[in-house]
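Please look over the structure below. A short report on some of its features follows.

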Amino acid sequence: MKKVLVAGTTGYLGKYVVQEFKKQGYWTRALARNTAMIESLSEYIDEKFIGKVTDPNSLTGICKDIDIVFSSIGITKQKDGLTYMDVDYQGNLNLLEEAKKEGISKFIYVSVFNAEKMSHLKGIHAKVRFEDELKKSRLNFSIIYPNGFFSDMLEYLQMAKKGRGYVFGSGENKINPIHGEDLAEVCANAVKDDESEIKVGGVDLLTHNEILTTAFESLGKKVKIIKIPIWIRNLFLATLRIFTSVKTYGPLEFFMTVLAMDMIAPTYGKHHLKDFFFENINID
Ligand SMILES: NC(=O)c1ccc[n+]([C@@H]2O[C@H](COP(=O)([O-])OP(=O)(O)OC[C@H]3O[C@@H](n4cnc5c(N)ncnc54)[C@H](OP(=O)(O)O)[C@@H]3O)[C@@H](O)[C@H]2O)c1
């Protein structure tokens, strides 16, 4: 039986990935900063490994007897005061060093769709730097480039709950967001996939106006969309860069960039955003 290390199990995507690997018959080891964080996933985890990607000493032996390493480690919402370079780059590099010592057969890493077009953004720059290290490592690898996750689309539902939704420019830029369960299948299937770079999005290609409309409709509320001119977004981002640290503007810079461009990835999966909104109408 092949053995997989899942790093990122405590996050939105990682929790689906560990379940998918188990479903496909793998033996799983999950990394977490403490046991309580993965208690609810115990039935899908054969062995828990307590450590921190940012502390290389705590990772010693993490890849022992492991065939495949999967990592969805990365900062999405800043909470530790660490930078993207500390976590997305160095944290994943610490894992890669352990993987190299044990001579694993494949390293699967989750980046971001269109990373190459956004490498000037701090968060993406750190990911691309790690990708370069992975490519240089001589390990067999797959880098997954997913579009926005359904979990992030909850922001639209929150806006709709408050009665007003905001879009940049015309709101006609398109995106095909993907559900964690669909993406987890792509990640686990990557073990046997010869493609080293896999771009993927969900089955619904929607404009931001359509996403907001779907959110309002799922709540049974009147649609109210406010269009913010692009120049205001640019001014806001420039001001943020001057007056705040990267920890604050980094995530905002990323979201405000992807909201103002087309993000159309090859499609995969079976989940629809409309259903996801209905399932989550009671979430605060
Ligand atoms: N969300 C999106 O729309 C989207 C789209 C494309 C790509 N991505 C990328 O996909 C990856 C996974 O996203 P996600 O939504 O699953 O993220 P998430 O829910 O925030 O999970 C991130 C994972 O990284 C770990 N992590 C973060 N900071 C850490 C730190 N300082 N030390 C140790 N571990 C740390 C978290 O562990 P703890 O729980 O211990 O903090 C968690 O396991 C990220 O790299 C993200 O940039 C996301």
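## Salt bridges along helices

Lys 136 and Glu 133 are three residues apart in helix α3 (residues 122–136), so about one helical turn separates them. Their side chains meet in a salt bridge, 3.8 Å from N to O. A salt bridge here is a side-chain nitrogen of Lys or Arg within 4 Å of a carboxyl oxygen of Asp or Glu. Helices are DSSP runs of H or I with at least four residues, numbered from the N terminus. Lys 136 counts as exposed, at 60% relative accessibility. Buried means under 20% relative accessible area, exposed over 50%, and partly exposed in between (1.4 Å probe, protein chains only).

This is a predicted model: local features need pLDDT of at least 70, side-chain atom pairs count only at pLDDT 80 or more, and totals for chains, interfaces and linings use all residues. Residues are numbered from 1 along each chain as its sequence is written, and side-chain values use heavy atoms, leaving out hydrogens and water.

Helix α2 (residues 84–102) holds Glu 97 and Lys 100, three residues apart. They form a salt bridge of 3.5 Å, N to O. Glu 97 is partly exposed at 34%, and Lys 100 is partly exposed at 36%. Lys 101 and Glu 98 also sit three residues apart in helix α2. Their closest N and O atoms are 2.8 Å apart in a salt bridge. Lys 101 is exposed, at 58%, but Glu 98 is buried, at 6%.

## The wider count

How many salt bridges does the count come to? The count is eleven. Glu 181, Glu 185 and Lys 270 are linked in a network of them.

## A buried leucine

Leu 212 lies in helix α6 (residues 208–218). Its relative accessible area is 0%, so Leu 212 is buried. Beyond its neighbours within four places in sequence, Leu 212 has contacts (heavy atoms within 4.5 Å) with residues including Tyr 156, Met 159 and Ile 225. Gly 165 is another contact of Leu 212. The two are 47 residues apart in sequence, yet 6.5 Å apart in space, C-alpha to C-alpha.

## Around the ligand

Polar contacts are pairs of N or O atoms within 3.5 Å. An oxygen atom of the ligand lies 2.8 Å from an N or O atom in the side chain of Lys 127. A backbone N or O atom of Leu 13 is 2.9 Å from a ligand oxygen. A polar backbone atom of Phe 149 is also 2.9 Å from an oxygen atom of the ligand.

Technical notes
Helices (H or I, at least four residues) and strands (E, at least two) are DSSP runs, numbered from the N terminus. A polar contact is a pair of N or O atoms within 3.5 Å; within protein, one must be able to donate a hydrogen and the other to accept it, and residues adjacent in sequence count only if both atoms are side-chain atoms.
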